[in-house]
Amino acid sequence: MRRSPWATLTVLALAQFIVVLDVTIVNVALPHIQSDLGFTADGLQWVISAYTLVFGGFLLLGGRAADLLGSRRVFVTGLILFGVTSLAGGLAGSPGLLIAARTLQGLGGAMLSPAALGILTVTFPHGRERNIAMGVWGGLAGLGGTLGVVAGGFLVDALSWRWVFIVNVPIVVALVVATPLIVPHVRPHAGRRGFDALGALLATGGLLGVVYAVVRAEPLGWTSAEVLGCLAGGVLLLAAFLVVEARVDTPLVPMRLLRSRALSSAGAAIALTGAAFLSMFFLTAIFLQQVRGDSALRAGVEFLPMGGAAIGAAVLATPLITRFGTRPVQLAGTVLSVAGLVLLSRADATGSYASQIMPGLILFGLGIIAVSVPAQIAAVVDVTHADAGAASGVFTAFQQVGGAVGLAVVTTLSTSRTTHALAGGVSQSDALVDGFHRGLLVAAAFTVGTLVVTLFSPRLAPSAEQIAGAAAAA
């Protein structure tokens with residue numbers, strides 16, 4: 001039976017849409033989740049971090065599994081896991097159960113996302129049709145991030161926070177039914193392929209150990225046995241990961257990629273940018289609702305100018321990079337991002353949205369994409385064709401993991417400021433504002449780190465073909 005490639009694209013893009021949607025749709029529900037399930041202020045960030053850490057940590061392994069076992073099989077398995085854990089998250093009755101569901105949901109996303117991209121690549125031949133397909137893929141993924149905050153606000157206000165997870169279930173069921181009928185079977189790659197499960201477990205376990213130590217440092221102190229033990233364990237697991245990757249025949253992260261100065265610089269930049277982005281989203285969603293008293297839906301709508309600015313920046317990025325190269329565009333984006341975060345850090349409980357919130361969101365939306373697109377291009381511009389997919393996977397993992405680690409740091413420092421302010425007799429609202437301000441300034445410091453990395457990155461003048469392909473993947 002002949003299958004339409006555009007019908008296949010519809011299924012794949014919709015799957016990627018819900019994966020990206022699930023990163024942002026949860027943010028506006030966080031205050032309601034916290035009050036209903038009794039999350040602590042520093043524990044709440046695990047609702048986001050558990051998903052992004054596991055998604056980033058297992059992303060490359062998901063791509064390897066698709067190569068070894070067949071992309072459609074892994075895609076459907078990831079979809080089923082994503083749907084089941086979405087239902088489990090919606091029914092969770094305790095913080096532990098919700099975090100466990102989010103952890104496994106991240107694993108489902110790490111399976112289905114690279115498998116879907118692999119199917120798309122073989123479905124559309126290289127050239128105009130594939131560029132159109134990649135544009136639709138990237139556009140719907142970006143739309144998922146923008147609409148997530150609005151959809152989340154609507155579901156929370158109209159039904160409850162549980163529906164930000166349950167809404168995935170009927171979509172997943174429809175996709176699982178449609179996939180065998182619409183999506184072609186992609187045969188596993190011939191030849192000997194490694195399955196570096198140990199590398200993925202060591203990397204993700206090490207990162208979880210480090211993040212947990214950062215989170216627990218605020219209530220326990222950096223010298224506590226629990227914090228030092230988790231930190232040491234995390235570092236040892238990461239060191240073991242590097243040893244394993246250097247010795248296995250088919251490593252999860254080929255060491256030759258990390259020796260690429262362009263990829264290393266781009267990865268460091270996107271990790272710091274991801275930290276700033278997730279932290280800004282997390283803090284601002286709570287600030288709008290708990291400090292300013294906005295409803296979940298209104299808070300979601302208030303993020304829309306940032307999404308519109310990001311879409312505009314994505315349109316402008318490619319011609320600007322073609323004319324000036326990657327570094328000037330990335331530097332400009334970094335400056336805009338820092339300016340946006342600093343403006344947001346000056347907001348208070350009573351100021352108007354139009355003057356205190358929206359300008360910062362617009363600048364940040366413009367800046368974050370102006371950093372991301374040239375970084376994506378720089379990540380793959382000097383790697384071989386055979387390594388291009390792995391390089392893109394490494395880049396995406398840097399983004400996800402950097403976001404999770406950065407969010408842990410920002411949340412810990414923000415909560416510490418709020419706690420000390422409350423202990424000093426400050427009102428709860430003012431204490432939350434103090435914590436919000438400190439958190440955003442720390443996020444701005446991450447972005448300044450991106451500026452430093454960019455200044456020392458190699459000068460690149462990629463070809464028009466390289467720009468088109470990498471920008472589509474971004």
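User: What makes a helix crossing left-handed?

Analyst: The near helix is turned anticlockwise from the far one by less than a right angle. In this predicted model, the crossing of helix 1 and helix 4 is left-handed.

User: Which residues make that contact?

Analyst: Helix 1 brings Val-11, Leu-12, Ala-15, Ile-18, Val-19 and Asp-22. Helix 4 brings Phe-75, Leu-79 and Phe-82. By class, eight residues of the contact are nonpolar, none is polar and one is charged. Asp counts as charged, and Asp-22 belongs to the helix 1 side.

User: What is the volume of the second largest pocket, and what lies closest to its centre?

Analyst: The volume is about 570 Å³. Its lining has 22 residues, and the closest to the centre are Leu-207, Leu-238, Ala-397, Phe-398 and Val-401.

User: Which helix gives the most to that lining?

Analyst: Helix 18 does, with seven residues. Elements giving two or more residues are helix 3 (46-69), helix 9 (197-220), helix 10 (225-247), helix 12 (261-291) and helix 18 (388-423).

User: How do the lining residues of the second largest pocket divide by class?

Analyst: There are 18 nonpolar residues, four polar and no charged. Leu, Ala, Phe and Val count as nonpolar, so Leu-207, Leu-238, Ala-397, Phe-398 and Val-401 fall in that class.

Key: Residues numbered from 1 in each chain as written. Predicted model: local features only at pLDDT ≥ 70, side-chain atom pairs only at ≥ 80, totals over all residues. Heavy atoms only, no water. Helix = DSSP H or I, 4+ residues; strand = E, 2+ residues; numbered from the N terminus. Contact = heavy atoms within 4.5 Å. 1 Å grid on protein atoms, 1.4 Å probe; cavity = no way out; pocket = protein on both sides within 12 Å on 5 of 7 lines; lining within 4 Å. Points joined across faces, edges and corners; volume = space filled by probe spheres on them.
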